[in-house]
Amino acid sequence: MERSKKSAAWNHFIQISEDVVKCKLCSAELKYAKSTGSMLNHLKLKHPTVSRKTESRNQTPLAAFASGSSGRYNTREEQLTELLCTMISTDMLPVSVVEGTGFRALMSFVEPDYCMPLRQTITSRLENCYETCVRLLREKLDKAVKVAFTTDCWTALSTESYMTVTCHYIENWEPRSSVLHTESLAGEQTAENLAAKLNATVERWGLAGRVLACVHDNTSDIALANTPRYVAWESVSCFAHTLQLAINDGFLSSPVDHAVAAASRLVAHFHHSTVATQAFEREQIQLQVQPHPLIQSCKIRWNSVYDMFERLSEQRQAVTAVLSDSSVTKQSDAQMLQLQDEHWQLLEDILPVLSTLKCATTAMSAEQLASISNIYPICNSLLQTHLRSEAPAENATVTAFKAAVRRSLEHRMTPSDPAIAAKPAVIAALLDPRHKHMRFLSPVVQIAAKSKLLELAARLEIEEPPRAWADRRGAETDEPMEPASKKRTSAIVMLLGEGYTKKENEENAVEKELEDYLREPCPSLECSPLEWWKVNAQRFPRLGKLANSYLCIPGTSVPAECVFSSAGLTINRLRSRLTPEHVNMLIFLNKNKQ
């Protein structure tokens, strides 16, 4: 049976065999005979500073012993262990870092008295921290009236598939977001399996009936999983992903695609050739241009074509100089890699268009303010202004690209279809005081959207007590209130019912609230819609409730997709030890910092 090592001397020694111990500080090996005397003597002779601290730790004050409070002398050790757990979760480090020889040597030097915990101890503490964090988040979600999900499926470098679900809601007119879980996908990613995961998340967090929408990318399985066939909430396609698909359609449907291929081939040459890269850096210094590396485009990375074109345009002189140097680039390679004059001209002409499209993606991908309410106003601006042809001065290829992107975006967003009036993106836009003028919608869609908003507002219950108005009326007129038992019911009331006029009055109240809201001046585009509602929610109580529900929906699935960038490499490093449950635990703690 393993002996309990209570002596503080064991903080500085490890037992390498039954009768031999090794000093962590100087690697000296000592004979061990079931006593720490030789170890303490070694510390006293070779490491006197450490020895004094060790002796002080071995002596518990009598007062502390009598009061049973000796635990307080371990406060620093507890703090160090807590900080170690925080470091692991914050930096997404492998738990096994505590077993690393170098890390243990560092801690032994910085804090010689600290007894380094085992990996199992750290894991146990992280699990306890996770349970506490889950409890606190559950308490917050219990108070949320409505929430929205974003979800994304991704594959780690270890080829394991995961599904992340994030939750978004409004608390005191402040946007809140949390990662609910990152779960391993063992089976096929079919619509049935993905929907089952989403519904299990709702049940696990007690959110039944409160999920208003789920934002996801445009892949067929996840889109089908978020239809009424499987779930009880609205399906919202990530606008940034939709816009990217339209841009890709524009590349494929115009000669721009040839320029993209040629530019990618040129950049790849510099990335794969050390000689060309070194010559490129020398030319940058000689020409006094910014020392920026070239950027390669990637189909799955948004706006990467713009980044590639923009960097090539900036570095054109340096690139051309390297390709023209026969001592660096073979003539045959230079002829194949050099961009034609029309390609260079196309890069210059199309950059303003791609810059606008990148601006739209960036605006929709902002972490806190990227509400779904911005989708159709931005879409309308692109279709009606930025993607319109500027003929005859415009480059014909740029005109063809704009037309192709415009057709694809119109097909995907259907801005003229009255059916979009019921979509969360349109309802949220009307509830955003910056966009309530509805100029981004056609007249037909405006009427349908206003009607839908009236319908939603009419369903909400009035918080005012039923007798409040009557009580005020009696107080104002000083007339005694007639007991309900003595009230006479007329024949007409018996025939038509007491609620005959009440329903009409409520409908009129809803219509008046909406009309008053629409007559309010629109704030500037820089104004936060949540800040506006924080001030005006009491003036428009029904619409305020709806705004609290709809404005929490993100316009993109970026929050879920961001998890992959921080978690993928970690999971690859830990794949030999980390269970799916611990993957979820580490990501949850990392993303839900209290």
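**Entry 1: the model**

I am working with a predicted model.

**Entry 2: strand β7**

I started with strand β7, residues 211-216. Is β7 buried or exposed? I found that six of its six residues are buried, so the rest of the structure largely encloses the strand.

Next I looked up the neighbours of β7. Strand β4, residues 147-155, pairs with β7 in the parallel sense. I noted four bridges between β4 and β7. At one of the bridges, Phe-149 has Cys-214 of β7 as its partner.

Strand β8, residues 234-237, also pairs with β7. This pairing is parallel too, over four bridges. Here I found Val-215 opposite Val-236 of β8.

I then traced the path from β7 to β8. Helix α8, residues 220-225, belongs with these two strands to a β-α-β unit. I wrote down its hand as right-handed.

How many salt bridges does the model have? The count comes to 21. I picked out a few.

Lys-512 and Asp-516 join their side chains in a salt bridge, at 2.9 Å from N to O. Both residues sit in helix α22, which covers residues 500-519. They are four residues apart, so about one helical turn separates them.

Asp-516 also forms a salt bridge with Arg-519. Their closest N and O atoms are 2.5 Å apart. Arg-519 and Asp-516 are three residues apart in α22, so again the separation is about one helical turn.

I checked how open these residues are. Lys-512 has 53% relative accessibility, so I count Lys-512 as exposed, the cut-off being over 50%. Arg-519 is exposed at 60%. Asp-516 is partly exposed, at 23%.

**Entry 3: a link between two loops**

Which residue forms a salt bridge with Arg-539? I found Glu-520, with the closest N and O atoms 2.6 Å apart. This pair links distant parts of the chain, 19 residues apart. Glu-520 lies in the loop between α22 and α23, and Arg-539 lies in the loop between α23 and α24. For reference, α23 covers 529-536 and α24 covers 541-550.

Arg-539 is partly exposed, with 45% relative accessibility. Glu-520 is partly exposed at 21%. Buried means under 20%, so Glu-520 does not count as buried.

**Entry 4: a network**

Last, I looked up a salt-bridge network. Glu-78, Glu-82 and Arg-125 are linked in it.

Terms used
Residues are numbered from 1 along each chain as its sequence is written. This is a predicted model: local features need pLDDT of at least 70, side-chain atom pairs count only at pLDDT 80 or more; totals for chains, interfaces and linings use all residues. Side-chain values use heavy atoms; hydrogens and water are left out. Buried means under 20% relative accessible area, exposed over 50%, partly exposed in between (1.4 Å probe, protein chains only). Two strands pair if DSSP finds at least two bridges between them. A crossover is right-handed if, with the strands pointing away from the viewer, the path from the first strand over the helix to the second runs clockwise. A salt bridge is a side-chain nitrogen of Lys or Arg within 4 Å of a carboxyl oxygen of Asp or Glu.
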